[in-house]
Amino acid sequence: MTGLRRFLLQLLGGWVLSAAVCAELATAPALSLARDLGEQVLEVTVSVQDMHGRREQRTIPVTVFRPQGAGPFPLLVLNHGRAGTPQERAQPPRFRYEQQARYFVGKGFVVAVPTRVGYGQAQLDDFDPEFNGGCTQPQIAPMSQAASDQVLAVVAQARQWPGVDASRWWVAGQSVGGLTSVAVVMRAPEGLQGGINFSGGTGGNPKDRPGQPCGARQIARHWQTQAVHARAPMLWAYWQNDKYWGAD
């Protein structure tokens, strides 16, 4: 097994494990901190707009992991996916992705994991900027803009964090987090060196529509029109037996 393949499988397995333990984490009185990774929870103010043109300014929690030492270290922003119901999207209170973060911290990155507006403790009311209209005619551009706006706000704030060199940064994510990462790369922000998309997309339903996501054509159309703007390289990782998106 090649080093790259082993790395991809380790990270994918960690994301699956993270999803499986969300309910358990949510019932705990507080999420523990990984002291050996210097884990902190910082707040970042974001301005975000939904598909109906409603714009709100909100504060989101960002879980930050750091290597030992003074740095400065390059930055990696890890992005979570999207559960199917508001009740599920409220869990966990904040995303951590400790297993994935531990890998990247070991490679010398400061890792930031935002819990975006509409999820966890950032789900305060009916404002859901990543709602795309549903399966009939999903609108990919507004949700992509809303999610990537928050990543860019985190990076802008990270430029002020001690020990962080945000002139060198990467973006990665899984499912809607992968879609978010692609959206970030396609905006060609300053300092971005690359992106990793793990099974990115939206509209997948392995139970009712295995391998037949309802937004595939809309995603393809949006990515095709926006890809010309991308400047940084991307790694896309998809799996043939993925029941969310399917091989096609």
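Predicted model: local features only at pLDDT ≥ 70, side-chain atom pairs only at ≥ 80, totals over all residues.
User: Thanks. How much space lies in the second largest pocket?
Analyst: The second largest pocket holds about 300 Å³ of space.

User: And which lining residues are the closest to its centre?
Analyst: Of the 17 residues lining the second largest pocket, Gly200, Trp223, Tyr238, Trp245 and Asp248 are the closest to its centre.

User: Which element gives the largest share of that lining?
Analyst: That would be α7, which supplies four residues, the largest share of the lining.

User: Let's switch to helix α6. How many of its residues are buried?
Analyst: Eleven of the eleven residues in α6, which spans 176-186, are buried. Among them are Val176, Leu179, Val182 and Met186.

User: What do the buried residues of α6 pack against?
Analyst: Quite a list! They pack against the strands β3 (73-79), β5 (164-174), β6 (192-198) and β7 (234-237), and also against α5 (140-158) and α7 (216-226).

User: Is the phi of Ala188, after α6, positive or negative?
Analyst: Positive: Ala188, which follows α6, has a phi near 50°.

User: New topic: in what sense do β1 and β2 pair?
Analyst: Strand β1 (residues 40-49) and strand β2 (residues 55-65) are antiparallel, with ten bridges in their pairing. To find your place in the pair, look for Thr45, which stands opposite Thr59 in β2.

User: How many residues sit between β1 and β2?
Analyst: There are five residues between the two strands, which form a hairpin. In the turn, Gly53 has a positive phi of about 90°.

User: Last one, aromatics. How many pairs does a search of the whole structure find?
Analyst: The search finds five aromatic pairs. In one of them, the ring centres of Phe95 and Tyr97 are 5.9 Å apart and the planes meet at 45°, so the pair is tilted. Phe95 is buried at 10% relative accessibility, and Tyr97 is buried at 7%.

User: Why is the pair of Tyr103 and Phe104 edge-to-face?
Analyst: Because the planes of the two rings are at 90°, with centres 5.4 Å apart; planes over 60 degrees apart count as edge-to-face. Phe104 is buried at 6% relative accessibility, whereas Tyr103 is partly exposed at 26%. Tyr103 and Phe104 also form one aromatic cluster with Phe109.

Terms used: Residues numbered from 1 in each chain as written. Heavy atoms only, no water. Buried < 20%, exposed > 50% of the residue type's maximum accessible area, 1.4 Å probe, protein only. Contact = heavy atoms within 4.5 Å. 1 Å grid on protein atoms, 1.4 Å probe; cavity = no way out; pocket = protein on both sides within 12 Å on 5 of 7 lines; lining within 4 Å. Points joined across faces, edges and corners; volume = space filled by probe spheres on them. Pairing = 2+ DSSP bridges. Phe/Tyr/Trp six-rings, centres within 6.5 Å; stacked < 30°, edge-to-face > 60°.
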